[in-house]
Number of protein chains: 2
Amino acid sequence: MEISHEKVKLLNGVNSPDDLKKLSVPQLVDLAGEIRRFMLDAVSKTGGHLASNLGVVELTLALHYVFDFKEDKLLWDVGHQCYTHKIITGRKEAFRRLRQADGISGFPDPAESVYDQFAVGHAGTAVATAIGMAIGQLKQGKNDKIVALVGDASIVNGVSFEALNNLGLVKRQLLIVLNDNSMAIDATQGAVAKYFSKIRLSQTYEDLRKTTANILEHMPVIGKSVEEAIERIKKSIRMALPASQMFESLNIPYFGPVDGHDIGSLVQLFRALAQLNHPAILHVYTKKGEGFAPAEQDLSKFHSTGPFAWPVSRAPCPERPAVGDERRIKRSFTDVFGKHLVELAEKDTSIVAITSAMSDGTGLVEFRKRFSDRFYDVGIAESAAVDIAAGLARSGLKPVVCIYSTFLQRSFDQIFQEVALQNLPVVFCIDRAGVVGEDGPTHHGLMDIGFLRMIPNMVLTAPANEVELKLALEFGLGQDRPIVIRYPRDFVPAQKFARAACAKPFKLGKSVVVRRRKDSPIAIVSYGSVLKEALEGARALEKDGIAVDVINARFAAPIDEKIISLLAEGKGIITVEDHQLTCGFGSAVAEMAAAKMADSKKLGALRLLGVPRRFIKHDSRAMQLMQTGVNADKIMEAAREMLSSAK
Amino acid sequence: MEISHEKVKLLNGVNSPDDLKKLSVPQLVDLAGEIRRFMLDAVSKTGGHLASNLGVVELTLALHYVFDFKEDKLLWDVGHQCYTHKIITGRKEAFRRLRQADGISGFPDPAESVYDQFAVGHAGTAVATAIGMAIGQLKQGKNDKIVALVGDASIVNGVSFEALNNLGLVKRQLLIVLNDNSMAIDATQGAVAKYFSKIRLSQTYEDLRKTTANILEHMPVIGKSVEEAIERIKKSIRMALPASQMFESLNIPYFGPVDGHDIGSLVQLFRALAQLNHPAILHVYTKKGEGFAPAEQDLSKFHSTGPFAWPVSRAPCPERPAVGDERRIKRSFTDVFGKHLVELAEKDTSIVAITSAMSDGTGLVEFRKRFSDRFYDVGIAESAAVDIAAGLARSGLKPVVCIYSTFLQRSFDQIFQEVALQNLPVVFCIDRAGVVGEDGPTHHGLMDIGFLRMIPNMVLTAPANEVELKLALEFGLGQDRPIVIRYPRDFVPAQKFARAACAKPFKLGKSVVVRRRKDSPIAIVSYGSVLKEALEGARALEKDGIAVDVINARFAAPIDEKIISLLAEGKGIITVEDHQLTCGFGSAVAEMAAAKMADSKKLGALRLLGVPRRFIKHDSRAMQLMQTGVNADKIMEAAREMLSSAK
């Protein structure tokens, strides 16, 4: 059902921030309501990050009302909360195809609009990049205002903190808006979160209003310093004092907390704070999911949702949105992992699990419920998560670290030094490995094989299906060294898929033969879940009269030397992986093959299939695999080419 | 001159912490003096991290006097300040061969001693790993005490902060000793450092004594909570209050500041604090270089020093220690880079430089002096450094990021998302790429080619000599995309070395032929400074009647396809690099060669030479290159093998 014209009357007239500036503050309030309806209408069809975006409608409108972000710079931390921003910066129509191949990205993207500064999807980057831009402005004699919008879950990330500690480098205006909704993707973890929430609980709506009034009354005017102003503000607002303590110790002028849904006040505050000639922080309270009851009630579900039924009644939140029905029937690698880890943890009390604000996404919800005293969510702190795991392993426990491939890039150095150099038995379960679909280039897991297979002591494995995921997990927990298990954001194949071959227990560095054909000139060697594509390709080739073997590599480090032996015997090898070709599984095979090139007279051809070295746009995962050439057609093509050039 | 027996009388009797415990506190004071003499004697011969170790003699003795670190766990952050710890934990004799092949590591190493928990050399890890160990202890019903010793430069690192924010996970004893000497390798940067130093300046020696007395008087006894105790301590010490603010906002009980050279007080404090059943922080003031005038006067020089003359007179610090004389004659890649960047920055005011507490090590001292307003040292914060650079580039400046290869591992995700995804022109100058010698496995730069060449848009280049380093820098600053220039901790070859071939301007993805021989069956293709080894090998082979070409690849991404053409024409290729074989330059050549294997009937052999995938022990860089097979002998061997199997 398309949203009626009447319901987005004001929005229809807003095609750029300039149109916004023509409205009155009361009209902005109405516009916020229209944007919520518009957003719900679009996201219910496309899926997307809903709850956080519903929370920042007023904040975004107030920012665009006061600043001119064609010249001024607005930096979004993480970026998934930029929907209102996109809707009012000329991307209203494209927003209906959010995260679709022919539509716009779910994250800021400078390629889409001059209003976007950085294409980002990882947390904690806005303050640091804003520092750089502010210094750059000053050096070049420009005076555009800079605003970094950061959530309370991102501000505690290590990169954010490093940046806050260096904010003194900036000798000009830079406003940090701390959007405090007490929620990361899961409830925010850690001491700072507790500290914020303690303050929040002590604040009434009346307190927030008083704070706002006091800031506006005491804001520095010419001749008065901000230090004086802050002293005066503090004296008049007893309640606001504690929140400032952390930022004061970092020498950052702090204002707030104030109500993030009160557009009128926000407009006044931004006008006043824009005049400061040095960095400052404004602490704003917002409500994730604001204005949409089902989202307010189930924040985790509506953090990042698939399509769902809308309008919904005001009755309790629907049990499962549309995409959930599919998930109930098909099981994802994530589901299989989560369930099996619980089963293993029941038997082995030394198993503990660690995640970084991703207990739902990594399948740990059940584990958290069942073993709350063996579960650690450290918030958006991937580096510390791995170090804590190293300590747990050093003390004799069996830590399982659950982080998405793309975010594990934040832990590269910790895996190298604190885990692998000590040869500690930490099991890394890497979800969202490979292309991830609609989230696009910031979220693909296309480098984990490469950065991990360089690290000495690391074992790299990837299961092809459900039974292998279980076997890999059991194998991993039995190792006395670090091991990585990677799997995609995808459903597991049907239970019977390659069952016989894959049911064999995992042996370090040993592949399994899934399909063998007599005198076949070619073997397809797949790594991980793309065994499915490999088998599809093999079957199709056979129909064309070309018999090929299919080998499931299981390990990328150490690699089964048998694969190289086949090559040395003259067999053509086609490697297939859901990872970048550069430094990937096939690259490891090519490294080993290089040595054989000198020795062998009848060396077979080697062809590597995988994702090319470029940023892959948002689209469905199936389409991305197709377009990057990780599919049966491409395998067939490679096999045919190989045979024709061998003639 | 060997240190006389008389001067280390007490130390002679200390072969383990048990021996220490037999001494009285006044004897410990004398022992501290003996250890300083012993340390100076050894380090003056071997080189090492001197100043920081002189600062923590009393602190280390007091810790070992109170705790039993055979059972209790002592975690060193960074770890280069563990010399006293090594000397008193059974490694006194081995300490004389510190950082030598046949001696002990300059960092903690569990392989050396049960008293070492983690082999570490990167900052910011101790609090996080201590959290893991504390949880592990609790879960397993153990009650060993855990102490994390962290410097003021490390505590502000992002990983440290993420850990401090998660300290609430620990429901038992965990003592963090904050060793505040106001110095990172350079003077500590950032807001926290300013905050600490402001407090420090306001504290007299008398204040510290009073604080100590107050802590001891009010320490919680059974029935009294730590919160009460802290309240009472605060009431009685006005001066100590501000330092606690930052830690209080993180809900961490804070004690201090106290004098880190007063063994008697430290012993009492540790005894009291060991009784707490939850995490706490003790803030200790120490003096880097304490007890050795030259080090106290030139902290930067004696942070990590080569051998030097000792005993020295009490006269001013010698202009250059022994190793410096050599450096004055031979110039390092670092020197050449630093000087040339200054020359370029004089002409181009948009050039700015960023480093992470390494302005000396990366050759930026002169730049900092000349262009202090275009120089940014962010402290030990590699992640934020790269993001700030991204912001600077986005605003139109030309940032040059100077970080050691090993520490750049901390910036992997930032280079990927905030720089490369935006295709921003940031120039990364990666010093200490390759094996680094005496610092050992935590400090080698053996993974940068791999993790960087995976990232789309990145250009990877490595100069072979002085002229190429200058050309690469000029080329890099002219690019409109991110570029990496890697070079080793080594001297540049003589001026005339390969001068003609290397004087050609850099062209994207183009190699240069350094030596061509008619009908040569083999080409040696080197990447970076190992051109020296490649040419040595080629000359030696020629003496044996084997003519080989030598190609200087210059780029690892994009790779010159000409190299692959040679292979396709049947020429044997030997790649040489000062990087791990896994995912390295040769691996990139092998990836490209794989495609050719299907097409070419007369494909040449390919042999990759580089560092094997294992942790490389401390030794001289020359020996490490020799042992890992990156040298002329190995090249000759590979060429001979290639020719014999081709027959």
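Predicted model: local features only at pLDDT ≥ 70, side-chain atom pairs only at ≥ 80, totals over all residues.

Guide: Let's start with how elements get their names: helices (H or I, at least four residues) and strands (E, at least two) are DSSP runs, numbered from the N terminus. Residues are numbered from 1 along each chain as its sequence is written, chains are lettered from A and ligands numbered from 1 in the order in which they are written, and side-chain values use heavy atoms, with hydrogens and water left out.

Visitor: What makes the bond between Ala557(B) and Pro558(B) cis?

Guide: Omega there is about -5°. There's another cis peptide bond between Gly256(B) and Pro257(B), where omega is about 0°. Pro257(B) belongs to strand β4 (residues 254-259) of chain B.

Visitor: Why point out the phi of Val78(B)?

Guide: First, the background: most residues other than glycine have a negative phi, and most peptide bonds are trans. Val78(B) isn't a glycine, yet phi is positive, near 65°. You'll find Val78(B) in the loop between β1 (73-76) and α6 (83-88) of chain B. Cys583(B) also has a positive phi, about 65°, without being a glycine. Cys583(B) sits in the loop between β16 and α27 (585-599) of chain B.

Visitor: Why is Val78(B) called buried?

Guide: Relative accessible area decides: under 20% is buried, over 50% exposed, in between partly exposed (1.4 Å probe, protein chains only). Val78(B) has 11%, so buried is the word. Cys583(B) comes out at 0%, so that one is buried too.

Visitor: What makes Asp578(B) and Arg621(B) a salt bridge?

Guide: The rule wants a side-chain nitrogen of Lys or Arg within 4 Å of a carboxyl oxygen of Asp or Glu. Here the closest N and O atoms are 2.7 Å apart, so the pair passes. Asp578(B) is in strand β16 (residues 572-580) and Arg621(B) in helix α28 (residues 621-628), both of chain B, so the bridge ties together parts 43 residues apart in sequence. Both ends are buried: Asp578(B) has a relative accessible area of 3%, and Arg621(B) has 7%.

Visitor: How do you know that Glu438(B) and Arg489(B) meet in a salt bridge?

Guide: Their N to O distance is 3.7 Å, so this pair passes as well. The partners lie 51 residues apart: Glu438(B) in the loop between β9 (427-431) and α22 (448-453), Arg489(B) in the loop between β11 (483-486) and α24 (499-502) of chain B. At 35% relative accessibility, Arg489(B) is partly exposed.

Visitor: How many salt bridges does the rule count over all chains?

Guide: The count is 72. One of them joins Glu93(A) and Arg96(A) at 3.6 Å, N to O. Across the interface of chain B and chain A there are 2, and Arg410(B) with Asp413(A) makes a salt bridge at 2.9 Å, N to O.

Visitor: What is in contact between chain B and chain A?

Guide: Contact means heavy atoms within 4.5 Å, and 110 residues of chain B touch 110 residues of chain A. The buried area (accessible area, 1.4 Å probe, that two parts lose on being put together, summed over both) is about 9,200 Å², with carbon and sulfur atoms giving 63%. On the chain B side, Met454(B), Arg613(B) and Phe615(B) lose the most area, together 8% of what that side buries.

Visitor: Why do you say the copies meet through the same surface?

Guide: Because 100% of the interface residues of chain B are also interface residues in chain A.

Visitor: And what makes the relation a two-fold axis?

Guide: Superposing chain B on chain A takes a rotation of 180° with 0.0 Å of shift along the axis, at an RMSD of 0.1 Å. That's the relation of a two-fold axis. In chain B, Gly158(B) comes closest to the rotation axis, its C-alpha at 1.8 Å.

Technical notes
Least-squares fit on C-alpha atoms with pLDDT ≥ 70 in both.
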